[in-house]
Amino acid sequence: MSEANEEQSHWIEEAEQELDEQRVLLKAFCGTLYHYFGGWQKLFEGVRDGRHPGLIRYPLAGLLSAGVLMYLFRLGARRQINYQLRGNPPSQTKFEAWFEVDEVPHGDTLNYAFKRIEPAEVQEVVCQMVETLIRKKVLYRWRVYGNFLLAIDGTGVLTFQSRHCETCMARKLKNGETLYYHPVLEAKLVTANGFAFSLMTEFIENADPQADKQDCELKAFYRLSKRLKARFPHLPICLLLDGLFAGGPTFQLCQEHHWRFMIVLQQADLPQVHRTYDLILSQTSENHKHIRLGRQRRTITLCSMRMSISTYAWVGSRRSTRNIIGSGRSIIATARIVTTL
Ligand SMILES: [Zn+2]
């Protein structure tokens, strides 16, 4: 066999192997989707279609599922749907079988439909998915003292060089330019084995053009808490928060909602809370735990081991808190934790 032919045959073999892997992944994904959520149609049945009836070619559930796949496969942009999904045999076949249509929709078709649906109805789909997992007791083993762990933190979604809408957040950069961006505050139900299930999203945006201060994570937290309590009034929750939230209003809010919390403080956070913390901690010397964490990092040519000692200290009401500290997988050099657990 010539060198060119050999290279071509190797390339075909690799491509076939990749397609096989994709088939296996899609099969596992479909199995999970149908087992827990009854399939795409059932999942999206609560989202109303805002399209003109005369222009409908694809069922709305088909378009929403293409949107989910776009994020799941990290396609990055709608136009990638045209390149990656429309031209990919396993995805194409699966999609046609799901929705009885001729082909995967074009990215612009998704855009037309998504601009006409209510974000609150899509949010409800997300809430219902986690609710289903809770009801089916899939997440029960990850509760801590009967509480589901809910991490709340801000994250960036979109950035622009120039103002793109009236509600954009704006920040001056060091080079004098202004960055326009759209962050969100996310509440995710997390498990010690590394899963994070999005439960609720709050947009951080300047809804009031007359306001003299911009919106922020803390204001968004109060809005999110209100929605969370209204949607899940009886869910036993322990919030996982960073030092930004370590303040009286958060403690009071958690008390009113009957939520537990665990707040990790960095050294630079809230000197007054640190002083109180140090005072209480000095009287509870048993509230320390040292954990030796090892992580094996491999690359093709190199195998290295990194060891780290993590020191945890906490101020809380239960001595047995030590059993849960450090059960996650992240390496934290030192953590100081304020908790109601
Ligand atoms: Zn904007």
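Let me start in the sheet: Leu239 stands opposite Phe261 of strand E6. This is a predicted model; local features need pLDDT of at least 70, side-chain atom pairs count only at pLDDT 80 or more, and totals for chains, interfaces and linings use all residues. Residues are numbered from 1 along each chain as its sequence is written.

A word on the labels. Helices (H or I, at least four residues) and strands (E, at least two) are DSSP runs, numbered from the N terminus. On that basis the chain has 10 helices and nine strands.

Back to the strands. E5, residues 237-242, and E6 run parallel and are joined by five bridges; two strands pair if DSSP finds at least two bridges between them. Together, E5, helix H9 (residues 248-257) and E6 form a right-handed β-α-β unit. Right-handed here means that, with the strands pointing away from the viewer, the path from the first strand over the helix to the second runs clockwise.

Arg260 belongs to E6, residues 260-265. Is Arg260 buried or exposed? Buried, because 21 other C-beta atoms lie within 10 Å. The cut-offs, with C-beta atoms placed from the backbone, are 20 or more other C-beta atoms within 10 Å of a residue's own for buried, 12 or fewer for exposed, and partly exposed in between. Between Arg260 and Leu239 there are 21 residues along the chain, and their C-alpha atoms are separated by 6.2 Å.

Leu239 also leads us to Phe148, 91 residues away in sequence, with 8.4 Å from C-alpha to C-alpha. Phe148 is in strand E1, residues 148-160, and is buried because it has 21 C-beta neighbours inside 10 Å. Neighbours within four places in sequence aside, its contacts include Leu189, Pro236 and Ile237. A contact means C-beta atoms, placed from the backbone, within 7 Å.

Now the helices. In H5, residues 89-99, Ser91, Lys94 and Phe95 are buried. Down the axis of H5 its buried residues fall within an arc of 100°, so they line one face of the helix; the arc is that of the directions from the helix axis to the C-beta atoms. Pro89, Thr93 and Ala97 are exposed on the other side of H5. After H5 comes Glu100, with a positive phi near 55°.

H7 covers residues 119-135, and its 17 residues at 1.5 Å each should span 24 Å; the end C-alpha atoms are 24 Å apart, which agrees. The expected span is 1.5 Å times one less than the number of residues. Just after H7, Lys137 has a positive phi of about 65°.

Last, the chain total: 18% of the 341 residues count as buried.

Methods: Contact = placed C-beta atoms within 7 Å.
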